[in-house]
Amino acid sequence: MAELFDTHCHLSDLDFDQDRDAVLERMHSNGVTRCAVIGYDVASSKQALLFAERTPGVFCAVGIHPEHADTATPETLSELQKMASNSAVRAIGEIGIDLHWESNPSLEIQQNACVQQLEMASILSLPVCFHVRDAQMEMLRLLKEHKRILTGGIMHCFSGSWEVAKEYLKLGFYISFAGPVTFKKAPKLQEAARNVPLDRLLIETDSPYMAPEPVRGRRNEPGNVRYVCEKIAELRGMTYEELAERTTGNACRLFRV
């Protein structure tokens, strides 16, 4: 069976507390041999790290999500940096800009938190996992302004067009596709998935969110990354095995596995 790498999931979250072992069994039975569990604040980053430390094939990222950007204090950032010295931590994230919800911290606060974590990633020589929602131009502007400290990373659950993807590629990032690429009404996203160079392409679930077809509407889990792989292989005229091999190789290279 082809090996898969789910590059972004939240398997340490409460959503999986009742059946995490069964989820792991299904993950392995679907060929997913590795996954990256992602933090979004200090508490979830601690949980992700603890889970990664005791679970073979699981790596993690620690960081403060833009929705929680107002919690990025010197104290919390120092705590994250200490966590990131652990060998199980392979990236900083998820960080970025999210302008979808009016209740989110201001753009200025989100940008400041993002830049401080970019600086942390630069100090630690770790890649970054980016969350970007309704803010592609703002994110690109910030990244170009801080190009000197960029360490590479992932545009997670990419939701932009091929034109936007090309700008991120120029900055050295990988483009990761999740469940939405399998949806019927996603022509721009599917165009991007067809065109991203194979050596910069990644796949993920963002579980428990964003379940792909044919399990859309249910709780998502890492084993479902196979549906993302199947869809992108179809879009690109490749075999499932070929795409699995390329995306897994890319993820292992990025996370230094």
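1. Some ground rules to begin with. The model is predicted, so to speak of a local feature we need pLDDT of at least 70, and side-chain atom pairs count only at pLDDT 80 or more, while totals for chains, interfaces and linings use all residues. Residues are numbered from 1 along each chain as its sequence is written, and side-chain values use heavy atoms, with hydrogens and water left out.

2. Let's start with strands β1 and β2. Helices (H or I, at least four residues) and strands (E, at least two) are DSSP runs, numbered from the N terminus. β1 and β2 run parallel and are joined by 4 bridges; two strands are said to pair if DSSP finds at least two bridges between them. Within this pairing, D6 stands opposite C35 in β2. Together, β1, α1 and β2 make a right-handed β-α-β unit. Right-handed here means that, with the strands pointing away from the viewer, the path from the first strand over the helix to the second runs clockwise.

3. Next comes β2 with β3. These two strands also run parallel, with 4 bridges between them. The chain gets from β2 to β3 by way of helix α2 (residues 42-54), and this β-α-β crossover is right-handed. C35 has V58 as its bridge partner in β3, and I38 stands opposite A61 in β3. As for cover, 5 of the 7 residues of β2 are buried, so the strand is mostly covered; buried means under 20% relative accessible area, exposed over 50%, and partly exposed in between (1.4 Å probe, protein chains only).

4. β3 deserves a point of its own. On to strand β4 (residues 89-98): it runs parallel to β3, and 3 bridges join the two. In β4, V89 is the bridge partner of C60.

5. A word on the cysteines. A disulfide is a covalent bond between the sulfur atoms of two cysteines. In this model it is taken as a pair of cysteine sulfur atoms within 2.5 Å, and by this rule the count comes to 0 disulfides. C60 is in no disulfide, and its nearest cysteine sulfur, that of C35, is 10 Å away. C60 is also buried, at a relative accessible area of 1%.

6. C252 brings us to helix α9. This helix covers residues 240-254 and has 15 residues; from its first C-alpha to its last it reaches 21 Å, close to the 21 Å expected at 1.5 Å a residue. The expected span is 1.5 Å times one less than the number of residues. Its buried residues are L243, A244, T247, T248, N250, A251, C252 and L254. They pack against several elements, among them β1 (4-9), β2 (32-38) and α8 (225-236). Just after α9, R256 takes a positive phi of about 55°.

7. T248 is buried, with a relative accessible area of 7%. Setting aside residues up to four places away in sequence, T248 touches E3, L4, F5 and R34; contact means heavy atoms within 4.5 Å.

8. Now for L11, found in the loop between β1 and α1 (20-29). Buried or exposed? At 0% relative accessibility, L11 counts as buried. Apart from neighbours within four places in sequence, the contacts of L11 include F16, V23, C35, F51 and P222.

9. Last, have a look at H156, in the loop between β6 and α6 (162-170). H156 is buried, at a relative accessible area of 6%. The side chains of H156 and E204 are joined by a polar contact of 2.8 Å. Such a contact is a pair of N or O atoms within 3.5 Å; within protein, one must be able to donate a hydrogen and the other to accept it, and residues adjacent in sequence count only if both atoms are side-chain atoms. Leaving out residues up to four places away in sequence, H156 touches H8, E94, C129, F130, H131, S176, E204 and D206.
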